[in-house]
Structures are given as structure tokens and as C-alpha cells.
Amino acid sequence: MRRTIDWADGAIVVIDQTALPAEYRLLELRTVGELIDAIKRLAVRGAPALGGAGALGVALAARLGGDVRADAELIAGARPTAVNLRWGVERALAKLGQGADAVLAEAQALLAEDEELNKTASAHAAEIVLAECPRRPLRLLSHCNAGRLATVGWGSALGVVWHLHERGLVEEVLVGETRPLLQGARLTAWELAQAGVPYRVQPDGAAAAAMARGMVDCVLVGADRIAANGDVANKIGTYGLAIAAAHHGVPFVVVAPSSTVDRSLADGTGVTIEERDARELTEYAGIGITPPGADVFNPAFDVTPAALITAVVTEHGRYEPS
Ligand code: MRU
């Protein structure tokens, strides 16, 4: 299976996530402007994949010449919430003094590590899920897309599903559709179908009802930024899921590579939450669905307090808040 984001022949190549599941196509990004546009449109998305995009973006800028530091700042600012984007930019930028080839080599190293770190993190998380949830096989619930498509390869929360499925331990995955851009319905469902894992898509509003009916053994999600105290910023709706899970005694497990941890933030109140275009809510597939001129509140992420989370898991195992 190819990487979600990679480097080939002087260009950044991404799987175009705006086209899935109807069409599987690749985008070749040859300028910094094209990369920034792809990030803003969510053609490439998900915190770890954005880390790769940040690093490769600096490598591209270094190849093209020009003001690499100014380009790097534009790339890092393309989306504000996932800390991995700036982390990837800064990691590659640190090699700029050694020339464009060194920057590209650093970006390539980051890509290779991402898959390994996510595999390890999700293996740790799988053991925690098995310890927390006695029922076999497991009925899991996931939100947004924290799979291969959200990382360079393998996935974080869905990485847990791959590990458990290999062992025959997954009965089904309930997939929250993830309004308004449908990362769950379009991308997570596509990945599960490809992998032959039984799944059902549900409206986001059905999650609490599914838990009340005893249909969920564990909630598994990824993260865009983890504060020092263990508060987690993730796709809008995650906080509500965590409240419902706590109410119903369902374990709630967050899986992410340690590049998603931002120890500079004491808690989640300091996370910048991206607000997106009103048309994501006022239109559906290009057709207006609200009264003309309707105002919207369209945050792309929310913050789940650490107290509602059973475990935050990275490649180092259970994250210990500092
Ligand atoms: O707006 P998106 O699609 O980039 O949001 C992605 C998420 O919220 C994911 O859950 C998160 O990045 C973790 S991905 C391993």
C-alpha cells in the first residue's frame, strides 16, 4: 500500500483525500503554494500526515530556492491546530544550513519513522484496550479518520483496529460520519472496507445512543495536539463522545505518535482551534441547505479534558501527564 504522502521526482505526492471514496487519485504538488492549498482543502490531512507535509514542504522550498524561512512559516501556518505540522517544518528547517539535500533527507527520515511510531503506539494501545475491555470480539467506535490516510502509513486509532483484526478480535467498528467534511463516512469507512474489517457508519448524533444500547466496548480516537496535562484536541465531536463514554462506563483511548504532544501547553485551553468556512455547513454537495446568509459556528476541533480519557497512548506507552 502506498504512503499517504511521499516524495517523487522533485514533487510531493499525496493521495487526494477530497476525492475518496469515489475516486482514488494522486496529486503532485510542485510549488509551496500548491502544498498550502492542498493542506487547507484537506487533500492531505490528519496530524501525523501534516507532519510529513510540513517537512516535505520545507524540502520542496529548499529545492526551489527563494526565501525558505518565509515559505516555512507559511506552511506551518496553513492550519493551526495539529502541532505536527509546525513540528515537521521545524525539524526539516533545522537542516537548512547543510543544504537542500540534507533537508530532504531529514524529511524522508521523518516519513519512515512515522509508520514505525504509529505501529508501535497502536500496538501498545491494543494491549490497553484488551486489558480494559473484557468482551471478545470487540465492538469499537472511532471518530474522524485516524487511519493510514491521516498518517504517512499504518494509522493511529485505526492502527489499533489493524492489530486487533489481525488477531481475529474485532466484531465491528462503528464509524462516526464526522460532520461536516465526513472524514469518517468517506475515509475511515473506505479504509475499513479495503482491510475487510466489518463496520457500520452512523450519524455523529447516534454515538451516545449506541453506547446506551451496549453496542460499544471501547472508543478509539487520534489527536491533533496533546497538552502537557493530557488534555486532547481532536476532531470536533470528540469531546461529546468522551462525555457519553464516561457516562456509560465505556473506555476512551487516544492514540498518537509523541510528535503530537505539545509540552509547551500546560493544558488544552491554550490550543488554537481552527474555524472553517461557513459553506462547509451552509451547503451540502454544493447545494444550499440553510436560509441564505445563515451564520455558523464551525470549529474543526474541540478539547477533551484529561479526566474523561482512559489512556493517551504514544509509541512510549501510556502518556504520563506532567
Ligand atoms: O481536519 P482533519 O481531518 O485534519 O482532522 C483530523 C483529526 O482530527 C484526526 O483525528 C487527528 O488528526 C488524528 S489522525 C491520526
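Entry 1: I began with E1 and strand E2 (residues 11-15), which run antiparallel and are joined by 4 bridges. My labels follow DSSP: helices are H or I runs of at least four residues, strands are E runs of at least two, and both are numbered from the N terminus. Two strands count as a pair if DSSP finds at least two bridges between them.

**Entry 2: ground rules.** This is a predicted model, so I noted that local features need pLDDT of at least 70 and side-chain atom pairs count only at pLDDT 80 or more, while totals for chains, interfaces and linings use all residues. Residues are numbered from 1 along each chain as its sequence is written.

**Entry 3: the core.** Which residues have the most contacts inside the largest nonpolar core? They are Val58, Ala59, Ala107, Val219, Val253, Val254 and Val255, in a core of 99 residues. Helix H2 (residues 47-64) gives the largest share of this core, 11 residues. A nonpolar core means buried Ala, Val, Leu, Ile, Met, Phe, Trp, Tyr and Cys residues joined through C-beta atoms within 7 Å. Buried means 20 or more other C-beta atoms within 10 Å of the residue's own, exposed means 12 or fewer, and partly exposed is in between, with C-beta atoms placed from the backbone.

I then followed Val253. Leaving aside neighbours within four places in sequence, its contacts include Ala125, Ile128, Val219 and Ala311. A contact is two C-beta atoms, placed from the backbone, within 7 Å.

**Entry 4: E7 and its partners.** Both faces of E7 are covered: Cys218 and Leu220 are buried on one side, Val219 and Val221 on the other. E7 pairs in the parallel sense with strand E4 (residues 138-142) over 3 bridges, and Leu140 has Cys218 as its bridge partner. E7 also pairs in the parallel sense with strand E10 (residues 252-255), again over 3 bridges. There, Val221 is bridged to Val254.

Entry 5: Ala223 sits in the loop between strand E7 (218-221) and strand E8 (225-227). Is it buried or exposed? Ala223 counts as buried because it has 32 C-beta neighbours inside 10 Å. Its contacts beyond four places in sequence include Ala47, Val232, Val254 and Thr260. Val83 is 140 residues from Ala223 in sequence, yet the C-alpha atoms are 9.7 Å apart.

Val83 took me to helix H4 (residues 83-93), where 10 of the 11 residues are buried. The buried residues of H4 pack against H2, helix H3 (68-76), helix H5 (100-132), E8 and strand E11 (261-262).

**Entry 6: the ligand.** The ligand is surrounded by 18 residues, the closest being Arg45, Ala47, Ala150, Gly222 and Lys235. A residue is near a molecule if its C-beta atom, placed from the backbone, lies within 6 Å of it. H2 and strand E9 (232-235) each supply at least two residues of this shell. By class I have 9 nonpolar, 6 polar and 3 charged residues. Ala, Val, Leu, Ile, Met, Phe, Trp, Tyr, Cys and Pro count as nonpolar, Asp, Glu, Lys and Arg as charged, and the others, Gly among them, as polar.

Entry 7: The peptide bond from Leu20 to Pro21 is cis, with omega near 0 degrees, and Pro21 is in the loop between E2 and E3. The bond from Arg136 to Pro137 is cis too, with omega near -10 degrees; Pro137 is in the loop between H5 and E4.

Leu42 is not a glycine but has a positive phi of about 70 degrees. Leu42 counts as partly exposed because it has 17 C-beta neighbours inside 10 Å.
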